Amino acid sequence: MRFKRLWLADFRNYVHLDLEFPPGTSLFVGSNGEGKTNLLEAVFYLATMTSFRVGSSEALVRSADGTAEAIVRGEVVTGQREILLEAAVRSGGRSQFQMNRQRVRRRDLLGVVPISVFMPDDLVLLKGGPGDRRRFLDDALSQIDPRLDVVRSELESVLRQRNALLRQIGGRLNGDAASTLDVWDQKFAEAGDALTAARRELVTRLQPRALQAYWDIAAREVHLGLDYASSWAPEGGLGEALARARREDLRRAATTVGPHRDDLVVWIEGRPARTHASQGEQRSLALSLRLAVHREVAAAAGQTPLLLLDDVFSELDPDRSRGVLHALQSEQTLLTTAGALPPEIDYNARFRVAGGRIVREV
Ligand SMILES: Nc1ncnc2c1ncn2[C@@H]1O[C@H](COP(=O)(O)OP(=O)(O)OP(=O)(O)O)[C@@H](O)[C@H]1O
Ligand SMILES: [Mg+2]
């Protein structure tokens, strides 16, 4: 698979862009605030229908008077097939996506362009809250099996409705409300058990990969552990846990158990990395987790994901930069930098990014 060409109109700081990507590694060099991350974000958006930075599409549309829509269009080649992807991003409403000029749903798009992104923000995997780590797991699962993305979004919608009902009941459960709650509980338990089982299995598979990745990046063997921390006791599944928690849920008008309360715990040398690892260790761990997923997705998809590397070398020492460079192999890589790069980097094209324009230099 190769991401061949990208067109942008009114996306972030790009008024207009038409860019062809060669195979292999493309470097995008430019000062701070010129549009490097925006470019990668556009590619990621087409591949996943989400931004890796913001939850709503509002910020993606160029801020200018009278501009309410951005267009992101890309041409992808897989085998003999050419695929045209297109997103019309509305600042006020829902974006519309097309594949070969037909409307497309996320579940059908995921997997067309397997994609991995590495960026300094990945530190939130260690430093951030449980939500950041749950998203990390769920994003990986969506790429490995888009059906799990459907389960995840069903679960979110059931959770919203269950919580709305709990607030409506206000702690006074009558017969009608009880049977409605039973229905939500059953749906929630079914989707919740499926997602949790998938997350647990993923964590088990990521464990040896993360260990290997840490070795590849830092040339150091550490005792590294990944644990899935569940918000309920697994006996009887989520259904029984919901029944046990019902009084508490009614009292607090919230769903106190479920996959939305779970966490991924990362251990280094027997200590929780979130509170005990050094800055450098956290950085290496974050890269290792991403690399583990990159390899897991590659194995599942039968092809290496398109690799987006946003400014990953700026915070690494030369040895680790070399380790990352060596470990991160892909058929196609888009790499941005505002500063120095490891001297041994091998690339097919170098572009200069300035003020929302991109010019090929080499
Ligand atoms: N919706 C928008 N409309 C117009 N400009 C925007 C919009 N969103 C972001 N920008 C601007 O785009 C510019 C480039 O942002 P980007 O994050 O791509 O920079 P960068 O080249 O990655 O910089 P850095 O090296 O600091 O990471 C910024 O100046 C930002 O303010
Ligand atoms: Mg940037």
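**Close-up 1. Helix α4 (residues 130–144) packs with helix α9 (residues 279–301) at an angle of about 15°, their axes 9 Å apart.** This is a predicted model, where local features need pLDDT of at least 70, side-chain atom pairs count only at pLDDT 80 or more, and totals for chains, interfaces and linings use all residues. Residues are numbered from 1 along each chain as its sequence is written, and side-chain values use heavy atoms, with hydrogens and water left out. Helices here are DSSP runs (H or I, at least four residues), numbered from the N terminus. Axes are lines fitted to C-alpha atoms over the stretch in contact, with angles running from 0 to 180 degrees between N-to-C directions.

**Close-up 2. Who touches whom between α4 and α9?** From α4 come F136, A140, Q143 and I144, and they meet L289, R290, V293, E296, V297 and A300 of α9; contact means heavy atoms within 4.5 Å. Sort these residues and you get seven nonpolar, one polar and two charged. Ala, Val, Leu, Ile, Met, Phe, Trp, Tyr, Cys and Pro count as nonpolar, Asp, Glu, Lys and Arg as charged, and the others, Gly among them, as polar.

**Close-up 3. Helix α6 (residues 175–218) also meets α9, with axes that come within 7 Å and cross at roughly 120°.** The α6 side of the contact includes L202, R205 and L206, while the α9 side includes E281, S284 and L285.

Conventions
Chains are lettered from A and ligands numbered from 1 in the order in which they are written. Helices (H or I, at least four residues) and strands (E, at least two) are DSSP runs, numbered from the N terminus.
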